[in-house]
Amino acid sequence: MTYNSKIYINQIEVGLMQNYSYLVGCQETRQCGLIDPAWEPDRLLKAMEKDGMELHSILLTHTHFDHMEGLEGIFRLAGPRKIYVHEAEAECIAQFKEHIVTIQDGTELSIGNLSIQTIHTPGHLPGCVCYQVGQHLFTGDMLFVNSVGRSDFPESNQQDFARSLKKLKEMDDNFKVYPGHDYGPAPTSTIGEQKKSNPYLMVDNL
Ligand SMILES: [Zn+2]
């Protein structure tokens, strides 16, 4: 875990649905991934530029429109980049086919000298993933601070959702949680804190 000291993270709230987009990059090479280009692509690119980072790729936690409304704008303003998306949802963004790189549970991505692990957490949608960089965990619409994402969409699966929650609950208490929406009392949390304050993680039979 030598990369912890090199990691750059910028959490940016965008749009009218309290979405978070994340810039996650390598301080040494200045290469940066954009997790969920939710809204306001111009603002996201400006933040990157201001911090001296260069856009390497797009990482999607899932393909709901509110997490990628800014994708076309990013391509228009910055030029196309690779889009990492779980294989179960690649067809949902078929219009970007030539740029898609499909990922699965355990896929390791590299951005500069950073290593990013893919954790498949289906339930909200079949291709939901969390991205783990060192002790930082980007949870999309799976886990919010003190709540969780919806599991009542036609594509949702409640058994998968429970299994995915269990997976997160078993992670290191020190892992920092970066949710896909600003729905909680604080912008971030940790797995340890969530086990004490998130009713969905406090359930014993998980
Ligand atoms: Zn969603």
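Analyst: This is a predicted model. Begin with Pro-187. Beyond its neighbours within four places in sequence, Pro-187 is in contact with Gln-11 and Asp-182.

User: What makes these residues count as in contact with Pro-187?

Analyst: The test is distance: C-beta atoms, placed from the backbone, must lie within 7 Å. Gln-11 and Asp-182 are in contact with Pro-187.

User: Where does Pro-187 lie?

Analyst: Pro-187 sits in the loop between strand 13 (176-179) and strand 14 (189-190). Its C-alpha is 9.0 Å from that of Val-177, and the two are 10 residues apart in sequence.

User: Why is Pro-187 called partly exposed?

Analyst: Pro-187 has 13 other C-beta atoms within 10 Å. Buried needs 20 or more, and exposed means 12 or fewer. The count of 13 falls in between, so Pro-187 is partly exposed.

User: Is Gly-127 buried or exposed, and how do you know?

Analyst: Gly-127 has 24 other C-beta atoms within 10 Å. The cut-off for buried is 20 or more. Therefore Gly-127 is buried.

User: Where is Gly-127, and which residues is it in contact with?

Analyst: Gly-127 belongs to the loop between strand 8 (114-120) and strand 9 (129-133). Leaving aside neighbours within four places in sequence, its contacts include His-62, Thr-63, Val-85 and Pro-122. Thr-63 is 64 residues apart from Gly-127 along the chain, yet their C-alpha atoms are separated by 8.1 Å.

User: Why do you say the buried residues of helix 1 line one face?

Analyst: Those residues are Pro-41, Leu-44, Leu-45 and Met-48. Viewed down the helix axis, they fall within an arc of 95 degrees, so they line one face of helix 1. The face turned away from the buried side carries the exposed residues Lys-46 and Lys-50.

User: What do the buried residues of helix 1 pack against?

Analyst: They pack against strand 1 (7-14), strand 2 (19-26), strand 3 (31-35), strand 4 (54-59) and helix 2 (71-78). After helix 1 comes Gly-52, with a positive phi near 70 degrees.

User: Which residues touch the most other members of the largest nonpolar core?

Analyst: The core has 51 residues, and Cys-32, Leu-34, Ile-58 and Tyr-131 touch the most other members. Strand 2 gives the most to this core, with five residues.

User: Which residues is Leu-34 in contact with?

Analyst: Setting aside neighbours within four places in sequence, Leu-34 is in contact with Ser-21, Leu-23, Leu-44, Leu-55, Ile-58, Leu-59 and Ile-74. One of them, Leu-44, is also among the buried residues of helix 1.

Definitions and conventions:
Residues are numbered from 1 along each chain as its sequence is written. This is a predicted model: local features need pLDDT of at least 70, side-chain atom pairs count only at pLDDT 80 or more; totals for chains, interfaces and linings use all residues. Helices (H or I, at least four residues) and strands (E, at least two) are DSSP runs, numbered from the N terminus. The arc is that of the directions from the helix axis to the C-beta atoms. Two residues are in contact if their C-beta atoms, placed from the backbone, lie within 7 Å. A nonpolar core is a set of buried Ala, Val, Leu, Ile, Met, Phe, Trp, Tyr and Cys residues joined through C-beta atoms within 7 Å.
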